[in-house]
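Here are some notes to read alongside the model. Please check each point against the coordinates.

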Amino acid sequence: MISEKLKKGNLLIAEPSMIGDLSFNRSVILIADHNQGGSVGFIINKPLKYTLNDLIPEINAPFKIYNGGPVEQDNLYFIHDIPDLIPNSIEISLGIYWGGEYETIKDLINNNKISKKNIRFFLGYTGWGENQLIDETEGNSWIVIENSYKNKIIGKSASSFWKEKIMELGGDYLIWSNSPENPYLN
């Protein structure tokens with residue numbers, strides 16, 4: 001198993017054994033925070049059928065909305081790479097920031113000063129309690145890797161991201177790269 005020490009900015013790749021877990025099957029998660037109290041992340045490869053304009057009509061932008069995770073799915077979260085334009089952003093790592101002032105974002109988007117390559121929106125997030133994520137990685141639920149994309153991950157295509165990462169791992173993982181999402185239906 002390839003594993004980096006868990007830290008903000010790393011990626012979690014769902015082990016192929018997570019078949020049947022509707023939230024996390026074939027997920028790639030960006031760890032936004034990791035400390036003694038727990039961890040927070042966003043699933044970055046599961047677009048929903050909604051756009052930002054569908055959820056917030058006063059924002060005139062068809063940016064995709066992603067399923068960030070099963071926690072607080074009635075709240076909208078975002079990551080971005082433009083902290084100089086969005087006050088009160090929190091750095092995750094490698095030029096990736098989380099949150100900031102909503103009114104500023106709304107104005108920047110409506111004035112075409114932010115593109116979908118700079119920001120990604122999520123409904124909900126993924127959360128783990130104290131030591132829960134450590135236990136899950138030690139239990140082989142997740143593969144922890146470094147985010148080699150840095151802040152370019154924001155514009156990364158989601159459709160085949162899990163498959164790409166599994167293929168990069170090689171070895172025994174290659175067989176899973178072309179398997180159906182639910183092998184029981186094969």
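1. Start with Lys165. This residue sits in helix α4, residues 161-169. Helices (H or I, at least four residues) and strands (E, at least two) are DSSP runs, numbered from the N terminus. The model is a predicted one: local features need pLDDT of at least 70, side-chain atom pairs count only at pLDDT 80 or more, and totals for chains, interfaces and linings use all residues. Residues are numbered from 1 along each chain as its sequence is written, and side-chain values use heavy atoms, with hydrogens and water left out.

2. Is Lys165 buried or exposed? Lys165 is buried, at a relative accessible area of 4%. Buried means under 20% relative accessible area, exposed over 50%, and partly exposed in between (1.4 Å probe, protein chains only).

3. What does Lys165 touch? Leaving aside neighbours within four places in sequence, Lys165 is in contact with Ile13, Ile145 and Tyr149. Contact means heavy atoms within 4.5 Å. With Tyr149 there is also a side-chain to side-chain polar contact, at 3.4 Å. A polar contact is a pair of N or O atoms within 3.5 Å; within protein, one must be able to donate a hydrogen and the other to accept it, and residues adjacent in sequence count only if both atoms are side-chain atoms.

4. Now the rest of α4. Its buried residues are Phe161, Trp162, Lys165, Ile166 and Leu169. They lie on the same side of α4, because they cover an arc of only 135° around the axis. The arc is that of the directions from the helix axis to the C-beta atoms. The cover over these residues includes β1 (11-14), β2 (28-35) and β10 (142-145). Just after α4, Gly170 has a positive phi of about 65°.

5. Compare α2, residues 102-110. Here Ile105, Lys106, Leu108 and Ile109 are buried. Their arc around the axis is only 170°, which puts them on the same side of α2. Among what covers them are α1 (52-55), β6 (71-80) and β9 (119-129). Asn112 follows α2 and has a positive phi, near 55°.

6. Look next at Asn118, in the loop between α2 and β9. Asn118 is buried, with a relative accessible area of 19%. Neighbours within four places in sequence aside, Asn118 is in contact with Ile79, His80, Asp81, Ile82 and Ile154.

7. On to the largest pocket. Its volume is about 270 Å³. Of its 16 lining residues, Lys64, Tyr66, Lys116, Arg120 and Gly155 are the closest to the centre. On a 1 Å grid over the protein atoms alone, a pocket is an open set of points where a 1.4 Å probe fits, with protein on both sides within 12 Å along at least five of seven lines; lining residues have an atom within 4 Å of a point.

8. Which strand gives the most to this lining? β9 does, with 3 residues. β5 (64-67) and β9 each supply at least two.

9. Finally, the overall picture. The protein has 4 helices and 10 strands. From the N terminus, the order is β-β-β-β-α-β-β-β-β-α-β-α-β-α. Of the 186 residues, 47% are buried. Among contacts between residues at least 6 apart in sequence, 62% join residues at least 24 apart.

Conventions. Points joined across faces, edges and corners; volume = space filled by probe spheres on them.
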